[in-house]
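Here is a short tour of one protein model, written to be read with the structure open beside you. Please take a look at it first.

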Amino acid sequence: MSASPAPEPLSVDLCVIGLGPGGEAAASGAATAGLDVLAVDAHLVGGECPYYGCIPSKMMVRAADALGEAHRVGTLAGDVEVVPSWTPVATRIRDEATTGWDDTIAVRRLQDAGATVLHGTARLVGERAVEVTLPDGSVRAVTARRGVLLNPGTRPATPPVDGLAGTPFWTNRDSVRATAVPPRLVVLGGGPVGVEQAQVFARFGARVTIVQHGERLLPGDEPEASRLLEDVLVGEGLRVLTGRSLEHVAHADGLFSLTLDDGEHLEAEQLLVAAGRTPNLDRVGLERVGLDPSSRTLEVDDRCRVTALGDADPWLWAIGDVTGHGAFTHVSMYQSAVALADVLSADHEPARYHAVPHVTFTDPEVGGVGLTEAAAREGGLSVRTGTTALESSSRGFTHGPGARGVLKLVEDAERGVLVGATAVGPGGGEILGLLALAVHAEVPVATLRTMIYAYPTFHRAVETALADLS
């Protein structure tokens, strides 16, 4: 019996590898502009954000926030009985957020824009050359005349803890699929994913312990934010262990047995590992074009060109988590527009990253933009800071329980502009919008002081923090 003929090679203008939000947007934009586009992803078109990250996790957060507010009714409005149920959460995530983790709609959206979509593993094999291994094992050779755009993203990291491998621990990809709340949950990692998930499951009845290797939660944010959030979580009944490491894991009869570095022993029905992300750069064939596949990031210029290849005849662009400018959907989307303009030889403002915002959607929310005080000082700036407690504002006073928060401004005193800001509190991510604009546009602090701030709002606390700068 003769072998089946090899699939015909494909020749396209642009090959997009990795269809998270930024890759999907770039592929769609290029196809709409008239380019012949091949879009490839090994998993789900849309990437981590709609299926495992931003959207389903914020449905979990929204539900947990409703429980948090319900528990405050006794102080503000009377009596209420709160009986948590996980079923509505799991149903919303399955039916509304992810359509059962099916990307048919997203694939069709790209196809309608004019792109060719393949599910498969794509690897560089040379300049402007790609091979795609399809689920049936066949391989398609691809020539990309203008080039390749990489958006490979990241995957949950598995720390080298003795005994961890092979146990049924959760990552965020498992926790958003949960159909029930474990009685006891240990969360390994105190970053944004860890603290969000920890608070969610605690509010639904789990006894939660956070084990954080670093000295504080949210190590990328201001220490004031970390302290306040830890205090809130402990007040809600969570146990927070900072400066501690997990040394050994065992699992038997539905129970995790965990040993910490100081010998303390923990038991839980479930372990959630939220200890960072691993870049997928080891899976895209970088070695075939002279790049290091073990790198954690690809350096790109302000047009998202991979700088190690030079720009005499650019053909490789990279966007998203692997560029090292923030593992956020909004950064990937921002970069997709920059890279697409360069692919199309169109005018576009060069990329700038001095005002990247981020929000951790705990209760209270923790928002930050630009530089922390420590980073600004390390950068040699002449730093002045201003802070205020959100609960001391008129809106905080009237809001009652749950209004805890802090605003912190970081000013470059020599230039008289903000270079960073933190907003912790109810709607902290929304308060951040004003501060992100100020940092991005380098609005003089003197100008910010002349603004009229609506009363009584949470964002009016910005005026108080500005006064503290002086």
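Predicted model: local features only at pLDDT ≥ 70, side-chain atom pairs only at ≥ 80, totals over all residues.

Residues are numbered from 1 along each chain as its sequence is written, and side-chain values use heavy atoms, with hydrogens and water left out. Helices (H or I, at least four residues) and strands (E, at least two) are DSSP runs, numbered from the N terminus.

**A helix pair**

Two packed helices are described by the angle between their axes and the distance between the axes. Helix 1 (residues 21–32) packs with helix 5 (residues 104–113) at about 25 degrees, and their axes lie 8 Å apart. Here axes are lines fitted to C-alpha atoms, for helices over the stretch in contact, and angles run from 0 to 180 degrees between N-to-C directions. Helix 1 and helix 5 are therefore roughly parallel; angles under 35 degrees count as such, over 145 as roughly antiparallel, 65 to 115 as roughly perpendicular and the rest as oblique. On the helix 1 side, E24, A27, S28, A31 and T32 meet A106, R109, L110 and A113 of helix 5, contact meaning heavy atoms within 4.5 Å. By class, this contact of helix 1 with helix 5 has five nonpolar, two polar and two charged residues. In that scheme Ala, Val, Leu, Ile, Met, Phe, Trp, Tyr, Cys and Pro count as nonpolar, Asp, Glu, Lys and Arg as charged, and the others, Gly among them, as polar.

Where is the kink in helix 12 centred? The kink, of about 30 degrees, is centred on L434; the bend at a residue is the angle between axes fitted to the seven residues ending there and the seven starting there. The end C-alpha atoms of helix 12 (residues 428–441) are 20 Å apart, which agrees with the 20 Å that its 14 residues should span at 1.5 Å a residue. That expected span is 1.5 Å times one less than the number of residues.

Several residues of helix 12 are buried, among them G428, I431, L435 and V439 (buried means under 20% relative accessible area, exposed over 50%, partly exposed in between, with a 1.4 Å probe and protein chains only). The cover over the buried residues of helix 12 includes strand 20, strand 21 (417–425) and helix 14 (461–469). Strand 20 (residues 406–412) holds E411, a residue whose contacts beyond four places in sequence include R384, V419, V445 and L469.

**Four residues by accessibility**

| Residue | Relative accessible area | Class |
|---|---|---|
| E411 | 3% | buried |
| E442 | 33% | partly exposed |
| T99 | 44% | partly exposed |
| G290 | 69% | exposed |

**Backbone details in the loops**

Two cis peptide bonds are worth a look. One joins D363 to P364, with omega near 10 degrees, and P364 lies in the loop between strand 17 and strand 18. The other joins Y455 and P456, with omega about -10 degrees; P456 is in the loop between helix 13 and helix 14.

Finally, G290 belongs to the loop between strand 15 (277–279) and strand 16 (316–318). Its C-alpha atom is separated by 9.1 Å from that of G126, 164 residues apart along the chain.
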